[in-house]
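I opened the notebook to record what I looked up in this structure. The entries follow the order of my reading.

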Amino acid sequence: MLINLGHVTDVEDENYFPSEWKTLPTVDEYPPTHFWDDGSPKRHWCFLSEIVSATKNLLGYQVVVKDYCREEHITVLFPLDSGAADVLRLESFQAGHTLAVMNARRELLHNGTWGIHVERYQYPGVHIFPYTHDNTVAIAQALLLIASGIASCINCGDELKHGPPTRCCASCRLAQYCSPECQDSAWAYTGHINECVAYQDRALQALLTLDFTTYSGPFFFP
Ligand SMILES: [Zn+2]
Ligand SMILES: [Zn+2]
């Protein structure tokens with residue numbers, strides 16, 4: 001049986017997934033697009049970036065990332081005094097993987113550059129996806145199409161003819177086939193074996209199905 005993901009947020013929606021890091025509010029700013037008058041968040045946003053390098057020094061883990069615009073390198077600092085070393089592993093910050101930081105804000109770091117300072121209480125809202133930024137976006141877009149019911153057959157690419165019973169991948173139960181013939185040949189001839197694992201990424205599914213439009217507390221990755 002096909003899984004119903006429910007509502008999936010478009011990863012290309014700039015309100016919720018800002019592609020340019022400069023559009024993140026600073027820690028001193030409370031723009032009405034993001035905050036209520038009392039300073040509480042109105043909604044969620046998630047900053048997705050691709051890890052370039054990660055080092056550890058006296059201050060903490062300094063993870064250099066690039067945003068989707070790839071214009072500059074940004075430092076994301078996980079200070080050791082807030083216990084980064086107890087919770088996060090430096091080896092987890094692998095180059096080419098995607099770092100997600102919920103409700104990220106910009107601030108001037110002690111080295112004089114602007115970056116993102118992540119405190120321990122924010123760690124549950126931080127996740128590393130083991131895919132490049134491009135691939136994370138591609139998987140998210142594929143899940144959006146599936147959730148919207150406008151996906152195509154992953155074998156032949158034909159538009160799916162709707163109506164039960166839907167033929168879906170027995171493993172992810174998300175990818176669909178237009179016919180039993182396509183279902184039989186798909187595994188061998190398409191790249192679905194790779195995307196199949198990514199489709200089942202619980203952290204990605206949880207992020208994409210979050211209601212970004214309201215805020216009733218921080219989002220924690222599963
Ligand atoms: Zn087909
Ligand atoms: Zn599958």
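Below are my entries, from the overall layout down to single residues.

**Entry: overall layout**

I am working with a predicted model. The protein has five helices and nine strands. I read the pattern along the sequence as β-β-β-α-β-β-β-β-α-β-β-α-α-α. I then looked up the extent of the C-alpha trace. Along the principal axes it spans about 60 × 40 × 30 Å. Of the 222 residues, 30% are buried. I also looked at sequence separation in the contacts. Among contacts between residues at least 6 apart in sequence, 64% join residues at least 24 apart.

**Entry: the sheet**

In what order do the seven strands of the open sheet lie? I wrote down β5-β6-β3-β2-β1-β4-β7, with mixed pairing. The edges are held by β5 (107-108) and β7 (126-129). Each of these two has a single partner strand, so one side of each is left without a neighbour in the sheet.

I went through some of the pairs. β1 and β2 are antiparallel and share six bridges. They form a hairpin, with three residues between the two strands. Within this pair, I51 stands opposite V65 of β2. β1 also runs antiparallel to β4, with five bridges joining them. Here F47 has V101 in β4 as its bridge partner. β4 in turn pairs with β7, again in the antiparallel sense, over four bridges. L99 stands opposite I128 in β7.

Next I checked what lies against the sheet. α2 packs on it and touches β1, β4 and β7. The direction of α2 makes about 150 degrees with that of β1.

A reminder to myself for viewing strands: in a regular strand the side chains alternate between the two faces of the sheet.

**Entry: the core**

Which residues have the most contacts inside the largest nonpolar core? They are C46, V63, V76, V101 and L143, in a core of 46 residues. α2 gives the most, with six residues.

Neighbours within four places in sequence aside, V101 is in contact with F47, V76, I116, V118, G125 and V126.

**Entry: V65**

Is V65 buried or exposed? The cut-off for buried is 20 or more other C-beta atoms within 10 Å. V65 has 26 C-beta neighbours inside 10 Å, so I noted this residue as buried. V65 is found in strand β2. With neighbours within four places in sequence left aside, its contacts are S49, E50, I51, V52, I74, V76 and L99. I also took one distance from V65. V118 lies 53 residues away in sequence and 14 Å away in space, C-alpha to C-alpha.

**Entry: α2 against α4**

Two packed helices are described by the angle between their axes and the distance between the axes. I looked up both for α2 and helix α4 (residues 192-199). Their axes come within 10 Å and cross at roughly 80 degrees. The two helices are therefore roughly perpendicular to each other, α2 to α4. Which residues meet there? From α2 I listed I139, A142 and L143; from α4, E195, A198 and Y199. The residues of this contact divide into five nonpolar, no polar and one charged.

**Entry: positive phi**

Most residues other than glycine have a negative phi. I looked for departures and noted two.

N103 has phi near 45 degrees, a positive value. N103 sits in the loop between β4 and β5. It counts as partly exposed because 18 C-beta neighbours lie inside 10 Å of N103.

R173 has phi near 55 degrees, also positive. Its place is in the loop between β8 (167-168) and β9 (176-177). R173 has 16 C-beta neighbours inside 10 Å, so R173 too counts as partly exposed.

Definitions and conventions
Residues numbered from 1 in each chain as written. Chains lettered and ligands numbered in written order. Predicted model: local features only at pLDDT ≥ 70, side-chain atom pairs only at ≥ 80, totals over all residues. Core = buried A, V, L, I, M, F, W, Y, C linked by C-beta atoms within 7 Å. Buried ≥ 20, exposed ≤ 12 C-beta atoms within 10 Å, placed from the backbone. Contact = placed C-beta atoms within 7 Å. Pairing = 2+ DSSP bridges. Axes fitted to C-alpha atoms, helices over the stretch in contact; angles between N-to-C directions. Parallel < 35°, antiparallel > 145°, perpendicular 65-115°, else oblique. Nonpolar A, V, L, I, M, F, W, Y, C, P; charged D, E, K, R; others polar.
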